[in-house]
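Please consult the sequence and the structure alongside the text.

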Number of protein chains: 2
Amino acid sequence: MSNRPIALADALASFDALWSPRIVTRVNDYDVRIAKVEGEHLWHAHDDTDEFFLVLDGELRIALREASGERTVLLRRGEVFTVPRGTEHKPSAPGGAAILMFEPTGTPTVGDRHDEVPDHVDATKGHVLGAEV
Amino acid sequence: MSNRPIALADALASFDALWSPRIVTRVNDYDVRIAKVEGEHLWHAHDDTDEFFLVLDGELRIALREASGERTVLLRRGEVFTVPRGTEHKPSAPGGAAILMFEPTGTPTVGDRHDEVPDHVDATKGHVLGAEV
């Protein structure tokens, strides 16, 4: 864990990969992750954890399959949303976005149940920021 | 927990109190809190939890008492920092700031050990956003 403040803009500038979260810092046994995203992720669900999203730049859509049917929420820059545990969801960002997530350390990006993982999505538990630099 | 996205700007516009965090959403047994701050908080420590800060607007200073001595970190807008559990710290914002925090539900703003709480600081475990509207 860094003992200095981290500028999210600098952290985002340090990598290019899409749908491949970087762990910026940890809070107890939770990660703060950032990601660049564009296009579509995949339908997946985290059975045991909620997942928090904050849009840092651009717009993020999150399709949700709920008991009442399917809907999509739109998050603009500076907007937040928590996907409840167990809810199938599919993030997408036609125009690209930068996002921040809070979730327990070890949470896989593709959840516990998911569609086939497309090549452009990184199935990971998050990468350490700067490890590849 | 809201089932719609929340704009942090709108959430911040919904209250005026300083050093009095509002709970925007929950992630499992953690809160995402926002606060308006200006002037000085107080020296305090959370014995059992780290505390995450993201500056949404303005500048936040966090004075830290570490084994190696005292130092102050400066967080500008878009910068993040995690105060490790057990570390005495005192946030301040001479020019005012808006911040986002991530910490376990029930964490008191003044920690488990603290100086006398000044009148301008709200000793709370966070207020529900919009509850006072």
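Two strands count as paired if DSSP finds at least two bridges between them; strands themselves are DSSP runs (E, at least two residues), numbered from the N terminus. The model is predicted, so to speak of local features requires pLDDT of at least 70, side-chain atom pairs count only at pLDDT 80 or more, and totals for chains, interfaces and linings use all residues. Residues are numbered from 1 along each chain as its sequence is written, chains are lettered from A in the order in which they are written, and side-chain values use heavy atoms, with hydrogens and water left out.

One pairing crosses between the chains: S1(A) and S8(B) (residues 79-83) run antiparallel and share two bridges. Within it, Ile6(A) faces Val80(B) of S8(B).

At the interface, 34 residues of chain A are in contact with 35 residues of chain B (heavy atoms within 4.5 Å). The two chains bury about 2,600 Å², of which 63% lies on carbon and sulfur atoms; buried area is the accessible area (1.4 Å probe) lost by two parts on being put together, summed over both. Strands of chain A that each supply at least two residues to the side touching chain B include S1 (6-7), S3 (30-40) and S9 (88-104).

Within chain B, S6(B) (residues 60-66) and S7(B) (residues 69-75) are antiparallel and joined by seven bridges. Two residues separate these strands in a hairpin, and Arg65(B) has Glu70(B) in S7(B) as its bridge partner.

Terms used:
Helices (H or I, at least four residues) and strands (E, at least two) are DSSP runs, numbered from the N terminus.
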